[in-house]
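I am opening my notebook to write down what I look up in this structure, one entry at a time. Follow along with the sequence and the 3D view beside you.

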Amino acid sequence: MANFYHSVRLDESLCKGCINCIKRCPTQAIRVRNGKAVITSEFCIDCGECIRICQHHAKLPTYDSVDIMKNYKHTVALPAPALYGQFNNLTDVRVVLTALKIMGFDDVFEVSGAAELVSEISRDYVMKHTEHWPIISTACPVIVRLIRVRFPNLITHMLPVLPPVEVAARLARKKAMAETGLPAEDIGILFISPCPAKTTFAKAPLCTDKSEIDGVLAIKDIYPLLLGPMKQAALAPEDLSISGRIGIGWGSTGGEAGGLLSDSYLAADGMENVIRVLEDLEDEKFHDLQFIELNACSGGCVGGVLTVENPYIAQAKLKRLHKYEVVARSHLDATPVEKPFWKNRLEYEPVFKLGESLLENINKINLVEELCARFPGLDCGSCGAPTCKALAEDIVRGKASENDCIHILREYLKEIISPFSMLDKDLNQGESDQ
Amino acid sequence: MSDQTGSAGVVLKYTVSPDDFTRAGEASSKVKNILKQMGISPDVIRKVSIAMYEGEINMVIHAHGGEITVTITPQEVLMELKDVGPGIEDVEKAMKAGYSTAPEQVRALGFGAGMGLPNMQGCTDEMKVETELGVGTTITMSVHMEDK
């Protein structure tokens with residue numbers, strides 16, 4: 001029933017069994033077992049940190065190949081605003097949009113246009129639901145999954161609005177069907193994404209039954225294919241743009257909050273910072289904020305693992321790009337969105353629970369504490385778990401043993417061989433006496 | 001392994017270090033995570049973490065730190081916050097929302113709004129304040145497990 005699809009895979013042949021990913025994972029979802037990294041599916045939230053840290057490129061993001069375009073009679077590209085931050089000296093978004101058509105897409109629908117509609121919907125929702133302040137953004141699928149498994153008390157604070165890409169996909173399909181007369185299945189709605197978490201959303205969305213996104217392409221795959229067409233497009237760019245400053249701003253941190261036209265917000269990015277904000281929020285430390293924007297990647301979407309440019313440079317480029325733009329080009333009165341809200345409630349998934357009954361868990365917690373007292377507390381990772389406490393939890397869950405700790409093992413071995421070493425000493429003693 | 005588990009409860013002990021705001025909240029955060037691992041209902045977790053966080057902050061602001069003991073049983077989460085600080089002069093006043101004796105530099109940090117004790121009481125099913133001037137304060141709070 002619970003949905004734990006993931007967009008991170010392991011190439012076993014490349015994995016060296018080092019401890020970099022287990023240390024970096026914010027939900028402690030990875031263990032090294034038998035020399036290879038293994039992801040615990042229920043703990044993983046698709047943040048992509050392991051992909052970022054793996055020097056051996058053994059962690060692979062899941063997304064679609066550009067060849068998916070061939071599967072449809074009519075294709076629509078949905079460029080994420082982060083795409084615009086990838087290019088040097090870009091001053092006109094229309095050049096990128098036109099180049100996407102030259103590259104082979106039949107049409108283009110800017111996600112940033114849909115983002116402006118989502119901004120309008122969110123503004124209204126935030127003002128009407130003061131009882132849920134601060135409202136937490138839900139555009140980043142990683143944040144939704146993180147709250148689902150770790151912050152049950154914050155679920156009521158979540159903005160129950162579909163992310164811009166989904167709104168864009170729905171609008172784009174409707175438009176394409178009207179314009180071409182083709183049935184829905186002949187139209188390919190293809191998102192050009194900064195991150196694999198959107199693949200997870202497209203394949204197994206939470207809070208809505210089915211996504212209208214047919215494929216998720218990587219910005220890093222599209223980028224080299226666009227450079228040539230962009231030169232051509234620059235000569236006569238088509239007027240395909242449907243967004244302004246607000247929509248393009250969504251590509252980096254603070255952009256979504258900016259679209260609310262209120263100063264009462266905070267915007268946090270990067271897993272560690274996001275978790276800290278959520279922890280504090282859970283303790284009700286913030287009182288006067290209306291909105292909290294959270295992005296799993298540092299810098300926001302421009303920091304996704306499928307992008308090519310340094311996130312901070314991309315952020316600067318986006319800023320320069322939208323400096324002289326109109327505030328917004330898409331508006332709800334011209335482009336109404338049908339049912340933009342979540343269809344299903346988000347259900348808390350207590351995946352970190354050690355056992356079933358409370359009594360059982362009392363025993364298990366005591367056992368964890370006891371084991372932790374025995375371990376050296378170095379958090380060396382040699383056992384394959386990120387911390388001594390994580391190993392203790394694994395043992396309690398029946399997934400590891402005490403001797404996985406090399407320090408405990410060493411003590412154990414010392415104990416076994418001690419009679420022999422005494423013998424050895426005696427022999428040596430005898431030799432030197434001679 | 002050991003028969004410590006026979007008592008059907010988890011006992012956790014924490015030391016709150018004095019005057020260190022950067023570490024205030026550490027104990028409540030640890031307890032919160034343990035409660036989540038135990039599958040305790042989100043509502044109980046919310047009450048415990050807020051009550052304990054407020055108590056911890058109080059110990060840092062007013063009492064030069066102290067000791068916290070948390071006992072989790074199938075019936076309740078019991079928190080005992082013990083300090084050897086100056087004691088509370090007027091408990092009744094301190095329990096009123098908005099009343100604060102926190103120094104100016106503490107309020108500048110956004111703490112000391114006079115909501116600590118009232119919040120703690122609001123989040124707990126039972127709360128007892130034992131205090132003696134010049135000797136210290138012990139606050140005992142209990143959040144009952146609801147049987148859902």
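**Entry 1: one threonine**

I started with A:Thr75, which sits in strand S5 of chain A; helices (H or I, at least four residues) and strands (E, at least two) are DSSP runs, numbered from the N terminus. Is A:Thr75 buried or exposed? A:Thr75 counts as buried, at 2% relative accessibility. The cut-offs I use are under 20% relative accessible area for buried, over 50% for exposed, and partly exposed in between (1.4 Å probe, protein chains only). Leaving out residues up to four places away in sequence, A:Thr75 touches A:Met69, A:Gly104, A:Phe105, A:Asp106, A:Asp107, A:Gly188 and A:Leu190. Contact here means heavy atoms within 4.5 Å.

**Entry 2: ground rules**

I noted that this is a predicted model, where local features need pLDDT of at least 70 and side-chain atom pairs count only at pLDDT 80 or more, while totals for chains, interfaces and linings use all residues. Residues are numbered from 1 along each chain as its sequence is written, chains are lettered from A and ligands numbered from 1 in the order in which they are written, and side-chain values use heavy atoms, with hydrogens and water left out.

**Entry 3: the nonpolar cores**

Next I looked up the cores. A nonpolar core is a set of buried Ala, Val, Leu, Ile, Met, Phe, Trp, Tyr and Cys residues joined through side-chain atoms within 4.5 Å. In soluble globular proteins, nonpolar side chains tend to be buried together. Which residues touch the most other members of the largest core? They are A:Leu78, A:Ile147, A:Leu278 and A:Leu294, out of 92 residues in that core. Helix H4 (residues 111-128) of chain A gives the most to this core, namely 8 residues. Domain 1 (8-61) and domain 2 (66-322) of chain A both contribute residues, so the core lies between them; the domain bounds come from an automatic or database domain assignment.

I then picked A:Ile147. Not counting residues up to four places away in sequence, A:Ile147 touches A:Ile136, A:Pro152, A:Leu154, A:Ile155, A:Met158 and A:Leu278. Apart from this core lies another, of 55 residues, and its members include A:Val396, B:Ile34, B:Ile40 and B:Val60.

**Entry 4: the sheet in chain B**

In chain B I found an open sheet of 5 strands in the order S1-S2-S3-S5-S4, with antiparallel pairing. Two strands pair if DSSP finds at least two bridges between them. Strand S1 (10-16) and strand S4 (126-132) are the edge strands, each pairing on one side only. From one strand to the next, the twist averages 10°. I read angles as running from 0 to 180 degrees between N-to-C directions, with axes as lines fitted to C-alpha atoms, for helices over the stretch in contact.

How many bridges join S4(B) to strand S5 (residues 136-144) of chain B? There are 7, and the two strands run antiparallel. In this pair, B:Glu132 stands opposite B:Gly136.

Helix H2 (residues 42-62) of chain B lies across S1, strand S2 (66-72), strand S3 (76-83) and S5 of chain B, at about 0° to S3(B). Helix H5 (residues 116-123) of chain B also packs on the sheet, touching S4 and S5 of chain B, and makes about 30° with the direction of S5(B).

**Entry 5: salt bridges**

Side chains of opposite charge can pair when their charged atoms come close. I count a salt bridge when a side-chain nitrogen of Lys or Arg is within 4 Å of a carboxyl oxygen of Asp or Glu. By this rule there are 35 salt bridges over all chains.

A:Asp64 pairs with A:Lys203, their closest N and O atoms being 3.6 Å apart. This pair links distant parts of the chain, 139 residues apart. A:Asp64 is buried at 16%, whereas A:Lys203 is partly exposed at 43%.

B:Arg46 forms a salt bridge with B:Asp43. Both lie in helix H2 of chain B, 3 residues apart, about one turn of the helix.

I found a cis peptide bond between A:Trp133 and A:Pro134, with omega about -10°. A:Lys339 has a positive phi near 45° without being a glycine, and A:Lys339 is exposed, at 72% relative accessibility.
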